[in-house]
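Subject: Structure handover

Hello,

Here is the structure for you to look over, with my notes below it. Please read them with the model open.

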Amino acid sequence: MRDRRLPYGRQLVDESDVAAVSDVLRSDWLTTGPKVEAFEQAFAEVTGSAHAVAVSTGTSALHAIAHTVGISSGDEVIVPAITFAATANCVVYEGGRPVFADVDPRTLLVDPDSVVAVSSSRTKAVFAVDYAGQPCDYAALDAIGDRAGTLILADACHALGATADGRPIGSLALATAFSMHPVKPITTAEGGMVTTDSDELAAVARRFRNHGISTEFRERERQGSWFYEMIDLGFNYRLSDMQCALGLSQLGKLKAWVERRREIARRYDDAFEELAGVDPLERVPGAEHAYHLYVVKLDLERLTCGRERFFRALQAEGIGVNVHYIPVHLHPYYRERYGTGPGMCPVAEEAYERIVTLPMTHAMSDEDTGDVIDAVAKVASAYAA
Ligand SMILES: *Cc1c(COP(=O)(O)O)cnc(C)c1O
């Protein structure tokens, strides 16, 4: 047993990150200065997209996308049942109605057949979620979108660094949201990014993060002008130069970090292949997984305990397990306001009773990885049916 609990996710910050932030603190611009542009440019390059717009959180990135593509009152937006609540909440912020689609039991990614089944004449968009760090089936979603005139949007808060058929996440949907919360692939403490190939959507998102104002303060300074106009209702969703300097420094390590997480995943995969009762989620063919999360499904028929006891036993071993996620349509807010509830997405609901997220971070050592494997094996054998 470990004496310090190994967290399921956490940041890695080194001296070069600290130096990058300190430089900004000694500079003229603490926010909306040169680091924002530099970070956005580097992020656009890594994600193979024409534009990246830095915002304050992953949630504000989702909100900016919902606003920018024009989701409004009466619009329905299809969201997978297994995701963080923010994917659905951003639709509500703009007056739309989230409609929940079921997931594929093998990957917990949105099931295109379910998307078709819950579509209606009011469907404006689908918010695909690249759950755990794997790409959704964008080819199938695009085909559905083309047929029905539905926009395909992406919540890739898990998936920076993943690819599908060689194409980077961030370039596969009309607009894509990323998060830079400390547990995510890279961090700026809090932070988010919108990527898109559309010049127009990028311009609207840029305005939306700055109160709906048409020019930025730094631009006006440069032109010696005080004049500005607010032409849309926006928010203060800006990301500071301090944070963008941290993000730029972190982004340089992304490739090595994703590699490290894949290495840990391979060790987990090998260890659990022969272990009864513990089934890792399946991998999408042709895709490179970013492994934000490593999720296993318990085969409850081969265990004498349920998920709750399995979870607590791992915690007692010092393993910081978690569960991603409670299906969004089961949260009281959605049940009360939108009449959702059990039975609506049976695959997601069944999976939810069985999933456990194991620690997976680029900061984990080989010894940490071994501790997780040993603890899972110990608990699975103790409860073997
Ligand atoms: C983390 C996360 C968000 C929200 O990001 P924040 O930066 O915490 O606002 C949204 N969707 C998914 C799938 C996430 O994992």
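**Backbone points**

Alanine 132 lies in the loop between β4 (123-129) and α6. This is a predicted model, so please treat what follows as computed from it. Although alanine 132 is not a glycine, its phi is positive, at about 70 degrees. The other backbone point concerns the peptide bond from histidine 324 to tyrosine 325, which is cis, with omega near 5 degrees. Tyrosine 325 is in the loop that runs between α11 (307-316) and α12 (332-338).

**Helix packing**

Two packed helices are described by the angle between their axes and the distance between the axes.

Take α10 and α14 to begin with. Helix α10 covers residues 254-273 and helix α14 covers residues 366-382; they pack at an angle of about 30 degrees, with their axes 10 Å apart. Angles under 35 degrees count as roughly parallel, and so α10 is roughly parallel to α14. The crossing of α10 past α14 is right-handed. On the α10 side the contact is made by Arg260, Ile264, Arg267, Tyr268, Ala271 and Phe272. On the α14 side it is made by Asp366, Thr369, Gly370, Val372, Ile373 and Val376. Sorted by class, the contact of α10 with α14 holds seven nonpolar, two polar and three charged residues.

Next, α1 and α9. The axes of helix α1 (residues 15-25) and helix α9 (residues 241-251) come within 8 Å, crossing at roughly 150 degrees. Angles over 145 degrees count as roughly antiparallel, so α1 is roughly antiparallel to α9. Here too the crossing, that of α1 and α9, is right-handed. From α1, the residues Ser16, Asp17, Ala20, Val21, Val24 and Leu25 take part. They meet Asp241, Met242, Ala245, Leu246, Ser249 and Gln250 in α9. The contact of α1 with α9 divides into seven nonpolar, three polar and two charged residues.

The remaining pair is α3 and α7. Helix α3 (residues 58-68) and helix α7 (residues 199-208) have axes that come within 9 Å and cross at roughly 125 degrees. That angle makes α3 oblique to α7. The crossing of α3 and α7 is right-handed. Contact is made by His63, Ala64, His67 and Thr68 of α3, together with Leu201, Val204, Ala205 and Phe208 of α7. Which classes make up the contact of α3 with α7? It has five nonpolar and three polar residues, and no charged ones.

**Pocket and cavities**

Rolling a probe the size of a water molecule over the atoms shows where empty space is left.

The largest pocket has a volume of about 470 Å³. It is lined by 22 residues, and the closest to its centre are Pro135, Cys136, Asp137, Val284 and Pro285. Which helix gives the most to the lining of the largest pocket? Helix α6 (residues 138-148) does, with three residues. By class, the lining of the largest pocket is made up of 12 nonpolar, two polar and eight charged residues.

The largest cavity has a volume of about 50 Å³. Its lining consists of Gly9, Arg10, Val183, Lys184, Pro185, Arg261, His292, Met360, Thr361 and His362. By class, the lining of the largest cavity has three nonpolar, four polar and three charged residues.

Regards

Notes. Residues numbered from 1 in each chain as written. Predicted model: local features only at pLDDT ≥ 70, side-chain atom pairs only at ≥ 80, totals over all residues. Heavy atoms only, no water. Axes fitted to C-alpha atoms, helices over the stretch in contact; angles between N-to-C directions. Helix = DSSP H or I, 4+ residues; strand = E, 2+ residues; numbered from the N terminus. Parallel < 35°, antiparallel > 145°, perpendicular 65-115°, else oblique. Left-handed = near helix turned anticlockwise from the far one by under 90°. Contact = heavy atoms within 4.5 Å. Nonpolar A, V, L, I, M, F, W, Y, C, P; charged D, E, K, R; others polar. 1 Å grid on protein atoms, 1.4 Å probe; cavity = no way out; pocket = protein on both sides within 12 Å on 5 of 7 lines; lining within 4 Å. Points joined across faces, edges and corners; volume = space filled by probe spheres on them.
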